[in-house]
Amino acid sequence: MLGPVILAASRSDRMRRLVSAAPVTKPVVDRFIPGETVDEIVPIIRDLTDQGLELTMDVVGEDITNPAQAEAARDAYLELIDRLKPLDLGTRAEMSVKLSMFGQALDGGHELALKNVRPVVEAAAEIGTTVTLDAEDHTTLDSMFAIHEELRKDVPQTGCVIQAYLFRTEADARRLADSGSRVRLVKGAYKEPAEVAYQQRHEIDKAYVRILRTLMEGEGYPMIGSHDPRLISIAQELARTAGRKLDEYEFQMLYGIRGDEHLRLAAEGHRMRVYTAYGTDWYGYFMRRLAEKPANLRFFARSMVSKG
């Protein structure tokens with residue numbers, strides 16, 4: 001029951017100030033967000049790829065209030081791409097973007113977000129890598145899917161994210177699987193009403209398996225976004241049943257969570273991609289990580305007690 005409370009706190013300016021000011025916050029945040037600048041994150045990229053892992057990079061930040069901030073988000077990703085180029089990692093280091101950062105919620109936001117994200121997608125393609133459009137709350141998804149479809153006309157490897165807890169997702173998965181898309185399936189990390197989303201964990205898990213089966217049996221490239229050992233095992237079985245080779249799907253997990261499992265899957269020959277966020281506007285991202293898993297909240301609480 002704590003998840004919805006934490007998600008509400010992620011939108012609270014008062015809670016943002018309190019959490020940001022706590023002395024213990026930065027060392028705990030560093031567990032999930034290992035840097036604030038591109039200079040700090042490049043060594044992390046080198047280290048993880050040297051261990052046989054792959055990455056998807058996220059420049060954190062969502063509360064965009066004017067077009068200039070949206071353009072700054074675009075430029076931050078273009079800077080990252082410029083720094084990735086000499087590393088010659090190809091798709092071993094891709095990017096994840098939230099269209100809210102590119103102006104989606106502003107007046108004329110759909111067109112503005114498409115205008116700002118297109119050069120990022122094109123620049124990524126030029127260095128041999130890809131971009132995945134992250135899913136946000138359900139009110140933004142029609143716009144996200146429309147932008148995804150438009151970008152794929154010129155850059156077909158552009159990926160997107162779908163969320164198992166939404167009722168609409170099974171239909172979205174069938175459409176995307178038929179189109180041969182790159183699709184990351186996650187459980188979902190936003191507070192959604194009962195009218196549009198499953199509320200119980202067992203319902204979400206069952207939906208996740210149904211949707212993953214659709215993706216595995218389809219024509220696209222499934223990306224399994226989960227830390228759940230049971231779902232990881234089920235994903236491996238569904239891949240075998242569908243006749244998929246190890247390079248025809250991948251696992252994705254967050255930086256700072258189950259690092260040993262990252263290495264285990266990679267050692268077994270799986271493509272294992274680590275979702276790695278960086279930047280200064282970390283609060284919303286950090287709070288959703290706490291909401292997703294009680295163990296993350298316990299870790300934070302223990303740290304506050306021990307360091308307070």
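What share of the 308 residues in the protein is buried? I looked this up and found 54%, taking buried as under 20% relative accessible area, exposed as over 50% and partly exposed as in between, with a 1.4 Å probe and protein chains only.

I note that this is a predicted model, in which local features need pLDDT of at least 70 and side-chain atom pairs count only at pLDDT 80 or more, while totals for chains, interfaces and linings use all residues. Residues are numbered from 1 along each chain as its sequence is written, and side-chain values use heavy atoms, with hydrogens and water left out.

Next I turned to the nonpolar cores, each a set of buried Ala, Val, Leu, Ile, Met, Phe, Trp, Tyr and Cys residues joined through side-chain atoms within 4.5 Å. The largest has 75 residues, and Ile45, Leu80, Met95, Val117, Leu133 and Ile162 have the most contacts inside it. Helix α9, residues 201-217, gives this core its largest share, eight residues; helices here are DSSP runs of H or I, at least four residues, numbered from the N terminus. Another core, of seven residues, lies apart from it and includes Phe32, Ile33, Ile257 and Ala277.

I then checked Leu133, counting contact as heavy atoms within 4.5 Å. Leaving aside residues up to four places away in sequence, Leu133 touches several residues, among them Val97, Val117, Met144, His148 and Cys160.

Finally I looked at Asp205, which is found in helix α9. Asp205 counts as buried because its relative accessibility is 11%. Not counting residues up to four places away in sequence, Asp205 touches Lys187, Asp228 and Leu231.

Terms used:
Helix = DSSP H or I, 4+ residues; strand = E, 2+ residues; numbered from the N terminus.
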